[in-house]
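Visitor: I would like to learn how to read the features of a model such as this one. Could you take me through them in turn, with the general idea before each case?

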Amino acid sequence: MAINPKIKQKAEDIRSKIFGSEVRESLASGIEAISEDVEATIGRQDYVEEQFQDVLDETTGKDVISAPELIAARNGKSNLKTRLDGEHAQVTAQLQQNEVLIADVESNANNRIDSIIARPAEGISEQEIWDARHGNSSLGTNLLGVKQEINNLSSNLMKAATNLIDNIDSSKWADGGSNTVSIGKSGSTLIATGTGVNANAHIKQSIPMINIPQKYYIKTRFLVESAKCQVVSFLLPNATKDFANITNTSSTAEKFTVGQWKDVSLVVDKNVNVDSFSIIARHASAADAKDSVVKVEPIVIINITSLFGQGNEWNAVAMNNLLLKNNRTTFEKNARLNPRRVERFAFIKDFGAVGDGVTDDTEAILRALDYGGFIIVTSGTYLVSGTMRIRDNTKFICNADNVKFKLAGTYSLSPYAWRQDYLDYYPIFVTPRGTKNVEIHGLELEGSDTFTDHIQVGLAIETAEDVLIKNCKVNKINYHPGQAPPRPSGQFRTGWNIAIFRSKNVEVANTEAFYGGYECIRVGDLCDGVKIHHSKFGYGWRTVFQILKGSKNIEFSDNDVVQDDFDTNDTHASLTFHSTADDPIDNVRILRNNIKAKLYLENPSGPFAISCVDNYSRNFTFEDNTIESNGYLIGFNGGGTLELIRNKGKAQDTGFAINNHGLRKLVIEDNDIDTTQKSCVLINSLTTVLRRVRIKDNDFKTASTNNAVTFGGTADILSPLISGNAVEQSGNAVYLSPNVKKAIVAHNDFSGASGYYSSDPDNIFDKNIIN
């Protein structure tokens with residue numbers, strides 16, 4: 001049976017795109033077999049339909065039908081209608097069965113593909129898979145992307161005209177000594193013949209290298225015709241360690257054979273002023289050098305740092321393997337006909353930056369940033385007095401441990417508007433609106449000790465897309481410890497260390513932000529796809545991390561957060577979320593963080609370590625966090641789905657305080673909560689009926705006068721399940737307010753509590769351990 005062409009194409013795609021030949025062949029063959037089953041089923045369906053059509057033709061194909069023909073058409077049935085109805089029923093059943101079979105086949109194929117591509121191997125964590133995806137929808141997508149990127153690089157390498165040097169024009173070569181060699185050519189091959197003036201026949205050629213620590217790959221091949229030539233050296237002036245010696249005598253060194261072509265390649269990365277490339281044929285004496293011939297093919301010199309990026313350069317072996325896969329003639333032809341624009345690469349000190357902690361380096365750094373591409377910052381303390389603009393396709397890389405940027409004592413930052421109804425903010429580093437594809441590595445920035453009366457931002461990601469911030473430190477931006485300055489109407493006197501506004505696909509990794517004049521890191525408004533992970537934040541004047549209205553798809557994971565709240569008039573410490581009815585915050589995941597919060601308790605409404613302040617947060621997950629607070633642990637106001645799973649918390653006030661404003665699902669599971677003054681869990685249903693509540697397998701401990709779990713509010717809470725929980729110490733283990741109906745409270749250990757309270761007789765208590 002034939003295979004559906006679309007299925008056949010998918011199978012061929014799998015053979016060519018999925019890694020692992022056995023997996024490719026097995027998966028592709030399986031899909032083709034499934035396709036054959038489908039095609040066979042469709043064939044059977046066509047046969048049944050043809051039979052039915054034959055019956056219709058028998059009975060309707062004539063104008064006059066005789067009685068014997070009608071009897072024969074009944075096929076043993078009592079009448080013709082009975083037979084036709086039976087045939088129709090069989091065809092209908094067969095069609096339905098075929099539809100089910102085809103759906104099952106498609107589902108089976110999809111499941112087999114998902115199982116092979118998406119199922120993690122044993123021992124691999126979810127976080128490891130997430131990291132390996134590198135922002136893609138799946139690990140397989142990322143691997144295919146990497147493979148395509150390598151293929152593209154290889155293809156582009158074959159077109160790198162600006163990095164290729166050949167010697168077709170013999171005038172490019174010169175005698176490296178005093179009449180030591182005569183130079184000729186045969187096609188594209190250099191022929192160097194010793195004159196006998198010197199034992200070393202020396203030729204050289206100028207090459208376009210510059211005085212920066214980039215890596216160059218150099219490759220050619222040569223042939224020695226005289227057995228008197230002992231060594232052929234390929235070297236660069238001022239880089240005596242970066243050369244190759246090939247000999248015809250030593251058994252330990254790299255060796256050539258007289259009369260045979262010998263490949264030679266090396267990678268050079270010395271920080272020297274190199275402007276020429278030399279080849280020396282060494283002999284025992286000048287007489288031996290006379291008429292000694294060395295032939296050299298065109299020399300390839302490729303700047304592999306510009307091609308692959310700093311730290312990602314291929315070594316000589318990898319480059320050799322790459323060139324072996326490409327015909328040399330094709331290489332040279334493509335190199336001339338298809339020049340490639342090499343990615344820009346610059347050092348800020350090449351643009352005049354000093355980095356002595358005294359000189360204002362603002363203009364030099366701006367020139368480097370305007371140049372774009374790879375911007376490399378070497379050791380030094382750089383003073384800046386203006387706003388640094390990081391543009392499209394820039395990688396700003398601080399590649400030394402002792403790199404620091406500081407705001408100068410006198411400065412003038414450019415204003416940017418982050419909200420229409422707020423005064424402008426003034427960033428030190430910023431990505432201008434519309435910027436794409438930016439990476440910032442190793443930036444260490446410290447603000448001024450002088451407090452200003454406007455919003456100041458250390459690093460601002462402004463309406464950008466595809467941004468990576470990694471291994472950075474941004475501290476003390478407009479910071480004023482122990483101080484609560486007045487705020488004039490409509491004005492913040494504040495500072496944010498890192499702020500991300502209206503941006504998509506932003507990652508912050510292995511970064512530190514401490515002592516923010518208002519917050520250490522801010523996300524919003526209207527961000528989509530921000531991941532902040534494996535970082536450290538602390539000591540924001542008002543809060544540490546804040547998300548603002550309209551932001552969605554945010555992950556805050558594996559971070560360490562410490563907070564000592566200096567704003568005595570505020571109740572929000574470590575993590576704060578502000579949303580609006582028109583612009584809710586949606587789909588936020590707070591995972592595996594270590595959070596410590598100390599708050600001032602003057603405000604009677606209660607301080608929160610984590611707080612969804614307004615009523616419009618949607619779809620939050622708090623999982624595997626460790627939280628300590630002298631106030632509340634988590635306060636949630638909002639709707640959608642709320643999941644609190646495997647968190648460990650210790651608080652002086654309430655553990656989880658939840659106000660229902662449109663919740664569709666609430667899960668509190670496998671948490672370990674210890675409070676000293678109030679309930680471990682407080683659930684108030686305020687605006688809508690709350691269904692699908694599950695409180696399961698938690699450990700609760702509180703004061704003997706408090707309830708471990710308290711329900712309240714005015715809107716009904718229907719059929720909550722409370723099961724498998726252990727209450728070590730409390731007043732009532734569970735307090736079910738009158739709005740809680742048809743609750744199921746079963747299989748709990750309430751032996752550490754004084755009892756429970758319920759006002760609705762329809763609430764069920766079953767198989768609980770009671771003191």
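Visitor: Where is the place of R502?
Guide: This is a predicted model, and in it R502 is found in the loop between β25 and β26 (504-509). The general idea is that most residues other than glycine have a negative phi, and most peptide bonds are trans. R502 has a positive phi of about 45° although it is not a glycine, and with a relative accessibility of 22% it counts as partly exposed.

Visitor: Which phi does R692 have, and is R692 buried or exposed?
Guide: R692, again not a glycine, has a positive phi of about 55°. Its place is in the loop between β44 (681-685) and β45 (693-696), and R692 is exposed, its relative accessible area being 54%.

Visitor: Is the peptide bond from G524 to D525 cis or trans?
Guide: The bond from G524 to D525 is cis, with omega near 10°, and D525 belongs to the loop between β28 (519-523) and β29 (528-533).

Visitor: Let us turn to aromatic rings. How many aromatic pairs does the structure hold, and how are the rings of Y382 and F405 placed?
Guide: A pair of aromatic rings is described by the distance of the centres and the angle of the planes. The structure holds 19 aromatic pairs; for Y382 and F405 the centres are 5.3 Å apart and the planes stand at 25°, so this pair is stacked, given that planes under 30 degrees apart count as stacked. Y382 lies in strand β15 (residues 380-384) and F405 in strand β18 (residues 403-407), so the pair ties together parts that are 23 residues apart in sequence. Y382 is buried at a relative accessible area of 0%, and F405 is likewise buried at 0%. Y382 and F405 also belong to one aromatic cluster with F396 and F429.

Visitor: What kind of aromatic pair do Y425 and W496 form?
Guide: Y425 and W496 form a tilted pair, 6.5 Å from centre to centre and with 45° between the planes. Because Y425 lies in strand β19 (residues 425-431) and W496 in strand β25 (residues 495-501), the pair ties together parts that are 71 residues apart in sequence. Y425 counts as buried at 0% relative accessibility, and W496 is buried with a relative accessible area of 0%.

Visitor: Which ring has the charged end of K476 over it?
Guide: The ring is that of Y515, and the charged end of K476 sits over this ring, 5.8 Å from its centre.

Visitor: How many salt bridges does the structure hold, and which side chain meets that of E519?
Guide: In reading a salt bridge, one looks for a side-chain nitrogen of Lys or Arg within 4 Å of a carboxyl oxygen of Asp or Glu. The structure holds 16 salt bridges, among them the one in which the side chains of E519 and R522 meet at 2.7 Å, N to O. E519 is buried at 0% relative accessibility, and R522 is buried at 2%.

Visitor: Which elements hold E728 and K701?
Guide: E728 and K701 form a salt bridge whose closest N and O atoms are 3.8 Å apart. E728 lies in strand β50 (residues 726-736) and K701 in strand β46 (residues 699-701), so the pair ties together parts that are 27 residues apart in sequence. E728 counts as exposed at 55% relative accessibility, whereas K701 counts as partly exposed at 29%. Elsewhere, salt bridges that share partners join K404, E444 and E446 into one network.

Visitor: Finally, how many cavities of 30 Å³ or more are there, and which residues are closest to the centre of the largest cavity?
Guide: A cavity is a space where a 1.4 Å probe fits but cannot get out. The structure holds 2 cavities of 30 Å³ or more, and the largest has a volume of about 90 Å³. Of the 14 residues that line the largest cavity, V181, A192, A201, A281 and V294 are the closest to its centre. The elements that give two or more residues to this lining are β3 (189-194), β4 (200-206), β9 (276-283) and β10 (293-296). By class, the lining of the largest cavity has 10 nonpolar, 4 polar and no charged residues.

Notes
Residues numbered from 1 in each chain as written. Predicted model: local features only at pLDDT ≥ 70, side-chain atom pairs only at ≥ 80, totals over all residues. Heavy atoms only, no water. 1 Å grid on protein atoms, 1.4 Å probe; cavity = no way out; pocket = protein on both sides within 12 Å on 5 of 7 lines; lining within 4 Å. Points joined across faces, edges and corners; volume = space filled by probe spheres on them. Helix = DSSP H or I, 4+ residues; strand = E, 2+ residues; numbered from the N terminus. Nonpolar A, V, L, I, M, F, W, Y, C, P; charged D, E, K, R; others polar. Phe/Tyr/Trp six-rings, centres within 6.5 Å; stacked < 30°, edge-to-face > 60°. Buried < 20%, exposed > 50% of the residue type's maximum accessible area, 1.4 Å probe, protein only. Lys NZ or Arg CZ within 6 Å of the ring centre and 35° of its normal.
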